[in-house]
Amino acid sequence: MTEIRQRILADPATRVLMALLAVLLLGVIFSADGAFYRLATHRDALRQASVYGILGCGMTLVIVTGGIDLAVGSVLALVSVVFSLMSIWWGWPAIVAVPISLAVGAACGAVSGSLTAYFRIQPFIATLAMMVFARGMAKAVTGGAKISPAVPQPDGSYQYVDVPAIFRAIDSRTLFDNLSIVTVIFLLCGALSWALLSRHRWGRQAYAIGGNEEAARLSGVPVVRAKMLAYVICGFLTAVAGICQAAQEQQGDPEAGAGYELTAIAIAVIGGTSLMGGRGGIGLTLIGTLTIGYLDKILSINAVPEAGRLMLTGVIVVAAVLGQSRGR
Amino acid sequence: MTQPQAAPVSPAVRMRGIAKSFGRVQVLRDVDFEIAPGEVHILAGENGAGKSTLIKILAGAYQDYEGSIEIQGREVPPSSPRERASLGVAVIYQELSLAPNMSVADNLFLGNPMERRGFVDDAAQRRRATACLAQLGLDIDVRKRVEDFPVATQQIIEIARAISQDARVIVMDEPTSALSIPEVEQLFALIARLKIQGCGIVYITHKMEEIGRIADRITVLRDGEFVGSAPASELPTAKLIEWMVGRKTETVVARRSASFGPEYLRLEGFSVRQRGAGANRIVDSVSLSVRAGEILGIAGLRGSGATELLLGVFGAYGELAQGRMFLDKEPVRFKTPGEAIRHGVAMITNDRKATGLVLSSSIIANMTLADLPRLSKGGWRSPAKEKAAASRLAAALRLRASSLGLEAGQLSGGNQQKVVLAKWIQTEPRVLLLDEPTRGIDIGAKQEIYRLMQEWAANGMAIVLITTEMPELLALSDRIVAMHRSRVVAEFSGPEMSAHAILEAAMGTEGAQRRTA
């Protein structure tokens, strides 16, 4: 009987579900005068968590191969700025602006990927460099300002344009006003990532590379190509997150996304994905997203200042990682 | 041969009745070993004879053993490497234990720094290090990092470290495998100097030419048992080989008489360069041929280049491999293992945990890894197809696992090896390269693997087999080549295949070189 119990406890799915339950319990206890039970609270928690969740999906793919992508926060900012620039200030239609924005994200991923896989620079260093570079590019594109519906005129005044339709579409809700489109996008990204990791040849290659790169190589896995793909897809998903962020904020902010990479890593790690590679999965990442999202929401409805929220998130990540290593 | 010590001197180290098991496997059984000061004592034996284990027990790497050890006449209990080092025992393993990114001086005093008022005294350490190395005939800048020096120099630095910690017994495990001829001479001169200073030297080697040069005394182990110990002058080559090989008549599997197909794999002047600068070849101009349905055995001891040969054929060395290779009379060149697999070549490496399996992945994932392109045409996998393939393979190989979803790391050694075999059989290879396929596996699983190999050969596969277990090599091979120092030195077939002759050739004995047309 104890053996069965031990095995259940060791299963990563169990642990992350327990973490989520713990957080929900926290919400019940500290329900802020019943605010926790309101539907709007849950809807908002999901909406805010969705951007993190999309990043978490991309991050999971990269971490499974044994790498890491520290640049996602900066690339998110870069894409949100580029997307806002094209859509709000230049008035380009979504059919043009969206693919270009996605391509920007994928291109950043390709650079990180080639530095890591082809030039064999440590992923930490390569993506750290990209993080700084992309942030710089985001600021260069806007000259440091935010890209908002207030378009600066040559004479120093501001002309107000309408928020583009695509922005309003992404930031809207569906299903009788209960489900944000952003959440739908997150779920779609989750489904795509899950399919790639669990049902595509590439997924098996990724797990093999993360678990034992030399064994993978000697089994005919095209290591360089597979690693590259991880970073490119992550860049693509980061671009999706960047577009959603721009729509939600109705502006492109070159300072956006600061620290998001750590949240994305936290989500993947709480979900049971091992930072050493070779283990983990998208389903667990989704649960990790909910955990982080609800934790953030519960703390905010209880008016815990941001400082406290950051510290608590840090503690929880460490606890999650320790739980991971003890269970093995 | 050098003159043995004439005067009886009290031994620096005396080991008596040493026994050790790992689980149910008995690795050493009632072994005696004495090390006299000022003497070079060769410890000889085939792979798996127990030499490394004996040395590790002496060095303090294992505390769990039976028997007694006396150092300088005093009995010592099982202790840690640090304690044994303080008693004057130093071991220089093949994988040098220096910190490559630290300076030479720092390495010499690693763990034992010279201090001045609580801080490390760099100047004093540098002076002492330079003096130590000068004693050994080495004049280098001790501030430079260890990794900036060639391996031969690093070895001398490691010996200097041992000396500076007042080692009276220095054990060297295959020290010349990475050295060039002049560097080997340098090492031998150093050993002569150490002898004069009264150090007892234990030297593990497979190379007959070295035994001939420096041995004062030779001890032979076989299958974990002590065979004999004698002064070098009383142990000519023939007798030494006899001690090492014994007269085992253990029949593994009856050798089959088979008919072979046409030549399938052919190598002409195949070489593998060393990575980085340097003209060193880790495989030197090998030519051989294997017919369909034939099992070619390669006998080669540690450092002979056999493993590197197979890896080179398999495409694992990419551009570093040179020379010509033919598959079914067509010239081929593999730049990656993937290309080799596509051409029907498969390789089972000699370390399933390090390079054969992804231990964190499931049995099914491992079994289907090499055949992914065919199992997932168009990119998307079919779990049903994979499960079916894995079940078939598990049945054919008689794999014992409660579920195919188990992690490979949770299986026993024998079952892990079966997963590796399954992975490669799934690719339906025409050429199968095997490197020590039954290492670390119980006898039952070994027999099953032998049976499978013969079945595959009977079905027309060309098989190349590296193994250092002589009975296995003799029973399974239709022909045998011996490798020594990166080259093929002899070929045997039919009745010439005797353990004695093969081991002689693999050890580089003069006159054992022979090729049959």
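My housekeeping: residues count from 1 along each chain as its sequence is written, with chains lettered from A and ligands numbered from 1 in the order written. This is a predicted model, where local features need pLDDT of at least 70 and side-chain atom pairs pLDDT 80 or more, while totals for chains, interfaces and linings use all residues.

Next, I checked the interface, calling two residues in contact if their C-beta atoms, placed from the backbone, lie within 7 Å. I found 22 residues of chain B in contact with 18 residues of chain A. Helices here are DSSP runs (H or I, at least four residues), numbered from the N terminus. On the side of chain B that touches chain A, α10 (337–342) and α11 (352–356) of chain B each supply at least two residues.

Then I turned to helix α5 (residues 151–164) of chain B. Buried means 20 or more other C-beta atoms within 10 Å of a residue's own, again placed from the backbone. Among the buried residues of α5(B) I noted B:I157, B:I159 and B:I163. Their cover includes α3 (104–108), α4 (122–135) and α6 (181–196) of chain B. After α5(B) comes B:D166, with a positive phi near 60°.

Last entry: A:V240 touches A:I54, A:L102, A:I185 and A:C189, leaving out residues up to four places away in sequence.

Notes
Buried ≥ 20, exposed ≤ 12 C-beta atoms within 10 Å, placed from the backbone.
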